[in-house]
Amino acid sequence: MNQQSKSYTVQEATKKIESYCAYQDRCHKEVVSKLKDMGMIPIAIDTIIAQLIEDRFLNEERFAKSFARGKFNIKKWGKNRIVRELKFRDISKYNITTALKEIEPEAYSNTLDHLAKKRLVQITETNTQKRRKKLADYLLYRGWESHLVYEKLQELIP
């Protein structure tokens with residue numbers, strides 16, 4: 001745990017965390033961790049979290065939705081990876097399901113297609129089986145569902 005020389009009042013900590021949350025959507029786990037690093041005691045943390053939720057600085061559903069959209073659009077992650085990362089952040093099953101609805105099915109399949117074709121061009125391996133394995137490993141690592149990956153492999157490397 002980081003020992004900081006400055007100690008914060010609840011009001012100071014609340015202001016600091018409000019700007020932390022305003023900068024980008026945060027999940028409860030990140031905020032609690034930040035407050036602990038600031039040396040806040042559990043009762044103060046609970047008070048601040050309640051205030052942040054009331055003032056709409058903290059909203060798990062909004063966080064989950066923007067997280068899913070961002071990781072899909074920017075990092076081209078598949079749903080498995082997004083779900084794994086959201087679970088790691090202690091996001092509820094309901095919010096994860098809601099977040100995945102942010103991804104359009106057509107955009108999802110187009111992105112998989114684009115990603116697979118782009119990667120296939122980069123793979124220099126000549127052995128067909130090894131090419132397939134390399135492409136599959138790449139897509140699976142990025143969190144794309146295995147049945148979609150194997151369908152794509154059949155299509156691109158017959």
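These legends accompany close-up views of a predicted model. Local features need pLDDT of at least 70 and side-chain atom pairs count only at pLDDT 80 or more, while totals for chains, interfaces and linings use all residues. Residues are numbered from 1 along each chain as its sequence is written, and side-chain values use heavy atoms, with hydrogens and water left out.

View 1. Helices (H or I, at least four residues) and strands (E, at least two) are DSSP runs, numbered from the N terminus. The C-alpha trace spans about 65 × 30 × 20 Å along its principal axes. Buried residues account for 39% of the 158. Buried means under 20% relative accessible area, exposed over 50%, partly exposed in between (1.4 Å probe, protein chains only).

**View 2. Helix H3 covers residues 42-54.** Its 13 residues reach 18 Å from first C-alpha to last, close to the 18 Å expected at 1.5 Å a residue. The expected span is 1.5 Å times one less than the number of residues. Ala44, Ile45, Ile48, Ile49 and Leu52 are buried. Seen down the axis of H3, the buried residues fall within an arc of 135°, so they line one face of the helix. The arc is that of the directions from the helix axis to the C-beta atoms. These residues pack against helix H1 (10-23) and helix H2 (28-37). The face turned away from the buried side carries exposed Ile43, Asp46 and Glu54. Arg56 follows H3, with a positive phi near 65°.

**View 3. Gly78 sits in the loop between helix H4 (60-73) and helix H5 (79-88).** Gly78 is buried, at 0% relative accessible area. Tyr108, Arg142, Gly143 and Trp144 touch Gly78, not counting residues up to four places away in sequence. Contact means heavy atoms within 4.5 Å. Gly39 is 39 residues from Gly78 in sequence and 37 Å away in space, C-alpha to C-alpha.

**View 4. Cys21 and Cys27 are each in no disulfide.** A disulfide is a pair of cysteine sulfur atoms within 2.5 Å. By this rule the count is zero. For Cys21, the nearest cysteine sulfur is that of Cys27, 9.7 Å away. Cys21 counts as buried at 4% relative accessibility, and Cys27 counts as buried at 0%.
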